[in-house]
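Hi,

Here is the structure I promised to pass on. Have a look at it first, then read my notes below.

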Amino acid sequence: MSGARHLYVHLPFCAYRCGYCDFVTLVGRRGQHAAYTDAVLAELELERPLLAGELDTVFLGGGTPTFLEAQSLARLLDVLPAAEELTIEANPETITPELARCLRLHGVTRVSLGAQSFQPHLLEVLERRATPDAVRRAFYHLRDASFDNISLDLIYGIPGQSAADLERDLEAAIALEPEHLSLYELEAKPGTRFTHAHGAELSRQAEAMEHYLERVVHVLRSAGYRWYETANFCLEPGRAGGRDLRSRHNLAYWQGRDYLGLGIGAVSTIADRRWRNAPRLRPYLDALAAGRRPPREVEPLPPDVRVRERALLGLRLDLPLALGSVDSALDHDALARMQALALVERRGENGSGTIALTERGRFLGDAVAAELIA
Amino acid sequence: MPQDRVRNFSIIAHIDHGKSTLADRILELTETVSGREMREQVLDSMELERERGITIKAQAVRVNWKGHQLNLIDTPGHVDFTYEVSRSLQACEGAVLVVDAAQGVEAQTVANAYLAIENDLELLPVLNKIDLPQANPDAVAMEVAELIGDDPENVRRISAKTGEGVADVLDAIIERFPAPSGNVEAPARALVFDSSYDQYRGVVAFVRVVDGSFRPRERLRAMAQGTRFEAEELGFFAPTMAPAESLEAGEVGYVITGLKDVSRLRVGDTLTVEARAAAEPVPGYKDVKPMVFAGLFPTDSDDYPELRDALDKLKLNDAALVYEPETSQALGFGFRCGFLGLLHMEIVRERLEREFDLDLLVTAPNVAYIATTKSGEVLEVHSPADMPDEIERVEEPYIKASVIVPKEYVGAVMELCNERRGRFDHMEYLSEERVVLIYELPLAEIVLDYYDQLKSRTRGYASFDYDLAGYREGELVRVDVLIAGEPVDALSLVVHRDSAYARGRALVDRLREEIPRQFFDVPIQAAIGSRIIARETVKAKRKDVLAKCYGGDITRKRKLLEKQKAGKKRMKQVGAVEVPQEAFLAVLNLDEAKR
């Protein structure tokens with residue numbers, strides 16, 4: 001084992017919490033940003049033996065990584081190991097021309113900007129503070145700082161979102177010509193105050209919104225984007241000077257690679273173990289200040305489980321999956337059934353062949369995957 | 001004991017009117033059970049008997065009172081066991097009719113009283129619970145007197161709980177009930193009025209000796225069934241088993257037969273001694289046939305052998321239970337079981353689930369139909385799916401139902417009975433306030449939810465009892481359900497032609513709600529023969545993906561899909577369609593409004 005080539009760093013701080021969010025986030029806490037940065041770097045030192053000598057990707061997620069107090073952010077970026085792809089998640093209202101330049105200066109190669117919507121009434125439902133114009137301004141600040149790999153996050157299936165609203169959001173996003181787009185259907189997670197407020201409305205409109213993903217795929221493809229993963233799109237190489245603009249970090253998850261996660265709530269998967277750091281700040285800071293690993297929940301991952309995960313995750317991609325690598329995880333009767341229903345396409349001979357979801361199979365990906373696993 | 005010093009009697013009552021409490025007081029008062037041994041409801045408590053290592057329930061207890069031998073014969077407490085009750089009553093000369101002084105006459109009071117009168121028993125009417133503040137003894141005494149054609153003055157007033165008046169009841173039993181009048185010298189005859197099974201001793205028969213006498217080790221024969229065996233032991237309960245040297249004409253007791261199966265010695269049969277064989281049995285034997293049928297399937301098909309073993313064991317003690325293996329293409333392997341009635345079905349189901357820890361899927365109950373095919377063949381049909389396509393005529397069982405309600409609910413009861421194809425027979429006032437309504441109804445109309453409806457429409461005031469009233473021809477059709485073009489045997493119904501459309505529609509609507517969306521459109525149809533009478537479609541799913549899946553989501557996502565996969569294994573496969581087990585129960589509770 002030559003070590004994980006992918007590093008995730010969780011930066012939980014946010015200026016405020018959006019109603020639909022169920023990530024590990026902490027509001028404000030300016031005074032603790034430096035201590036948290038120290039702790040993350042201490043955890044990095046403890047776990048460094050798990051990492052490869054050279055990393056492929058580093059991903060700073062949150063929370064709102066760009067809300068991290070500037071000095072701490074700069075220090076973090078300087079100390080983290082170098083990687084070919086270094087992505088940071090950003091909220092539009094945090095992006096100033098100075099911050100954009102600073103990120104570029106400290107080696108960030110890719111920014112994932114949480115736009116969510118361009119419709120004021122939908123942003124309000126989501127309890128987002130940025131206006132549509134703030135999203136656009138942030139985007140251009142990044143462009144001005146010469147970022148040539150920007151991703152926009154959009155949410156669809158928002159309570160009250162009409163089909164026309166969706167079209168307008170897609171149009172507004174395409175107009176900015178981002179290299180990459182992530183389209184997330186709103187998940188009303190039980191227990192969030194959002195679900196409390198909008199759950200009934202969401203279940204009422206579920207059927208009306210059933211075709212939104214089909215619409216998203218159609219519109220973005222027409223605009224030259226590749227639907228390379230269930231929720232992710234990137235500009236076709238032909239329209240991007242031959243560049244492969246898929247998120248390399250996220251591809252690592254979908255291809256079942258090892259990754260190390262740092263920070264509260266962060267998950268790591270290395271060899272036959274997966275662990276999640278406890279989500280609470282104080283015990284995390286205390287443990288690392290004392291030179292100990294933070295409290296964690298460890299899940300053993302026997303080889304058959306990793307193969308099953310590789311199958312489940314691999315089916316989200318638009319590339320065929322080599323049967324040889326996942327054969328033992330599949331229910332072959334179900335596979336034949338899914339083929340007969342034209343949901344799965346199988347190419348080549350047993351052992352050396354591949355399977356891939358058909359177009360319709362991709363829209364029903366979870367149901368098909370649930371059938372296919374043994 | 002000379003016959004003139006013997007009295008055989010039963011206590012009959014509506015449920016909870018105090019039969020068991022009175023029995024307990026009698027045991028106590030006659031010192032059959034000492035005060036220290038006395039436990040509540042000795043006769044009725046199976047649990048208690050099990051604790052004491054007695055597996056044979058006393059169906060008859062011998063007590064002594066003022067130089068007389070009194071045999072108290074227990075009767076099964078419910079409508080489904082009318083025949084067994086009538087056999088128990090046949091073993092008696094008198095019956096104590098217990099009526100709750102607060103509740104008044106109820107449906108079972110009436111049914112039991114009539115049964116006793118039919119069996120020529122002397123009735124001793126008793127009002128119980130006179131110590132209750134809400135007791136209304138004067139009014140209830142009028143009701144009782146009216147019911148049995150006696151003088152209200154003759155209705156005794158007691159409290160079985162406190163013991164008040166119980167000694168008088170015992171005196172009256174000796175005074176009013178006739179002594180047995182069998183012929184001691186005649187060939188031996190004994191009526192089997194109940195039986196039970198003990199795992200060590202085999203079938204134990206409870207008998208009333210009518211003529212002659214029986215002794216241990218004699219060769220006996222059951223005259224109707226022809227079963228032969230040796231009497232391993234004779235005796236009586238006092239209240240535990242007491243072996244005896246003989247049982248004489250007029251006496252009541254038990255015979256240990258050594259038989260391994262209760263179905264070989266049916267209630268109502270007559271025992272005789274081979275060496276002193278009687279020519280004629282005691283009249284009245286009937287082969288009781290099950291009237292209500294349902295499919296029993298294990299929820300987990302691996303439990304099939306356990307279900308079979310459990311039924312075999314129950315059968316040892318329940319001669320009325322019948323079952324045969326049934327294979328449903330939708331539900332797999334199970335049994336089609338026949339019951340005397342709804343309560344019997346409930347009891348069996350409960351015992352299977354509680355005593356044998358089985359998880360069962362019970363299909364909607366149906367009745368036994370008699371179908372004559374176009375070719376003239378006559379079939380008894382126990383399952384709607386077995387109803388032949390080409391029928392000349394179908395007959396269905398009818399019941400005579402008596403419903404007792406306060407008069408303000410008469411309209412509600414009539415409405416319900418009319419909806420259920422009932423034919424009004426007559427109505428009588430039991431008192432100024434309470435009415436008994438007699439209806440004839442197809443049994444099929446009460447097996448689903450009649451009783452629940454009756455209770456809810458009368459706010460729980462109605463009491464209900466019924467008697468089978470023979471078979472009658474009906475305009476009946478079989479409604480089949482097709483899921484994605486495949487007929488589903490477990491969902492077929494036999495219904496009256498007039499309600500076929502509404503029932504088919506309701507069933508199809510329910511199924512559309514119960515069957516989850518699949519990868520393709522699933523048509524659901526109700527049909528009579530090849531004619532489709534209702535149709536719905538479960539639309540194919542268009543989208544089923546969780547949008548977001550990154551490093552922190554993988555475990556949750558995998559577990560979700562694994563759970564989904566496991567859920568699919570519990571679904572029943574109808575062709576290519578996955579149908580949840582609950583859908584098969586749709587037929588049980590079709591929305592009342594849609595009928």
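Which domains does the domain assignment of chain A give? There are two entries: domain 1 covers 6-253 and domain 2 covers 303-372, with the bounds coming from an automatic or database domain assignment.

A quick word on ground rules. This is a predicted model, where local features need pLDDT of at least 70 and side-chain atom pairs count only at pLDDT 80 or more, while totals for chains, interfaces and linings use all residues. Residues are numbered from 1 along each chain as its sequence is written, and chains are lettered from A and ligands numbered from 1 in the order in which they are written.

Now the place where the domains meet. Taken over C-alpha atoms, the centres of domain 1 and domain 2 of chain A are 29 Å apart. Seven residues of domain 1 of chain A are in contact with seven of domain 2 of chain A (C-beta atoms, placed from the backbone, within 7 Å). On the domain 1 side, α8 (212-222) and β9 (225-229) of chain A are the elements giving two or more residues, and β9(A) gives the most, with three.

As for chain A overall, it has 15 helices and 17 strands (DSSP runs numbered from the N terminus: H or I of at least four residues for helices, E of at least two for strands). Its C-alpha atoms fill a box of roughly 60 × 50 × 45 Å along the principal axes. Of the 374 residues in chain A, 45% are buried, meaning that 20 or more other C-beta atoms, placed from the backbone, lie within 10 Å of the residue's own.

Cheers

Notes: Two residues are in contact if their C-beta atoms, placed from the backbone, lie within 7 Å. A residue is buried if 20 or more other C-beta atoms lie within 10 Å of its own, exposed if 12 or fewer, and partly exposed in between; C-beta atoms are placed from the backbone.
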